[in-house]
Amino acid sequence: AHASNVNVQDVEGCTPLHIATLIGHVAMVEYLIVTCHADSSLRDDRERTVAHYAAKYGFIDIINVFKKCGVPCDLKDNEGRT
C-alpha cells in the first residue's frame with residue numbers, strides 16, 4: 001500500500017540494485033531496472049556503480065542486462081577503475 005524508495009542507500013551508499021548485483025541475482029537486477037526504474041548511476045561510498053560490482057564478480061549475465069537497458073559500464077570509481 002505504501003510506495004518505497006527503490007533508490008534508498010545504506011550507510012555505505014549501496015542501493016537495492018547494488019545488492020542484487022553483488023549477489024548475482026539477474027532476475028532481480030532486471031526487475032529493479034525495468035519495472036522499478038532503479039537509478040543505475042548511483043554510487044556507493046567508493047564511487048562504485050552497479051557495473052563495477054558485476055565486473056568484479058564476473059557476472060556476465062548481469063552485464064548483458066545492463067547493456068540491454070543502457071546502463072553505463074565505463075564510469076570510473078574513486079581509484080580510477082572502470
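What share of the contacts in the protein chain with a separation of 6 or more comes from residues 24 or more positions apart? The figure is 63%. The model is predicted.

## Overall build

The protein chain holds 4 helices and 0 strands. Its pattern along the sequence reads α-α-α-α. Along the principal axes, the C-alpha atoms fill a box of roughly 40 × 25 × 20 Å. The radius of gyration is 12 Å, which agrees with the value near 12 Å for a compact globule of 82 residues.

Of the 82 residues, 32% count as buried.

## Helix α2

Helix α2 covers residues 26-35. Seen down the helix axis, the buried residues of α2 fall within an arc of 90 degrees, so they line one face. An α-helix has 3.6 residues a turn, so residues three or four places apart point the same way.

What do the buried residues of α2 pack against? Their partners are α1 and α4. Ala27 also belongs to helix α2, but Ala27 is exposed, with a relative accessible area of 53%. The C-alpha atom of Ala27 lies 9.3 Å from that of Val65, and the two residues are 38 apart along the chain. After α2 comes His37, with a positive phi near 55 degrees.

## Helix α4

Helix α4 runs over residues 60-69. Ile62, Val65 and Phe66 are its buried residues. Down the axis of α4, they fall within an arc of 100 degrees, so they line one face of the helix. On the other side of α4, Ile60, Asp61, Lys67 and Lys68 are exposed.

The buried residues of α4 pack against α1, α2 and α3. Helix α3 spans residues 50-56. Just after α4, Gly70 takes a positive phi of about 75 degrees.

His18 sits in helix α1, which spans residues 16-22. Is His18 buried or exposed? His18 is buried, because its relative accessible area is 1% and the cut-off for buried is under 20%. Leaving aside residues up to four places away in sequence, His18 touches Gly13, Leu42, Arg43, Asp44, Arg48, Thr49, Val50 and Tyr53.

The side chain of His18 also makes a polar contact with the side chain of Thr15, at 2.9 Å. Thr15 lies in the segment before α1. Thr15 counts as buried too, at 3% relative accessibility. Beyond residues up to four places away in sequence, Thr15 touches Asn7, Val8, Gln9 and Leu42. Leu42 is also among the residues that His18 touches.

## Arg48 in the loop

Which part of the chain holds Arg48? Arg48 is found in the loop between α2 and α3. Arg48 is buried, with a relative accessible area of 16%. Its side chain makes a polar contact with the side chain of Asp44, at 2.7 Å.

With residues up to four places away in sequence left out, Arg48 touches His18, Leu42, Arg43, Tyr53 and Asp77. The C-alpha atoms of Arg48 and Cys14 are separated by 9.1 Å. These two residues are 34 apart along the chain.

## Cysteines

How many disulfides does a search of the whole structure find? The search finds 0. Cys14 is in no disulfide, and its nearest cysteine sulfur, that of Cys73, is 17 Å away. Cys14 counts as buried, at 9% relative accessibility.

A disulfide is a covalent bond between the sulfur atoms of two cysteines. Why is Cys73 too far for a bond? The sulfur of Cys73 is 10 Å from the closest cysteine sulfur, in Cys69. A disulfide needs the two sulfur atoms within 2.5 Å, so that separation is too far for a bond. Cys73 counts as partly exposed, at 35% relative accessibility.

Definitions and conventions. Residues are numbered from 1 along each chain as its sequence is written. This is a predicted model: local features need pLDDT of at least 70, side-chain atom pairs count only at pLDDT 80 or more; totals for chains, interfaces and linings use all residues. Side-chain values use heavy atoms; hydrogens and water are left out. Buried means under 20% relative accessible area, exposed over 50%, partly exposed in between (1.4 Å probe, protein chains only). Helices (H or I, at least four residues) and strands (E, at least two) are DSSP runs, numbered from the N terminus. A polar contact is a pair of N or O atoms within 3.5 Å; within protein, one must be able to donate a hydrogen and the other to accept it, and residues adjacent in sequence count only if both atoms are side-chain atoms. Contact means heavy atoms within 4.5 Å. The radius of gyration is taken over C-alpha atoms; the globule rule is 2.2 Å times the number of residues to the power 0.38. The arc is that of the directions from the helix axis to the C-beta atoms.
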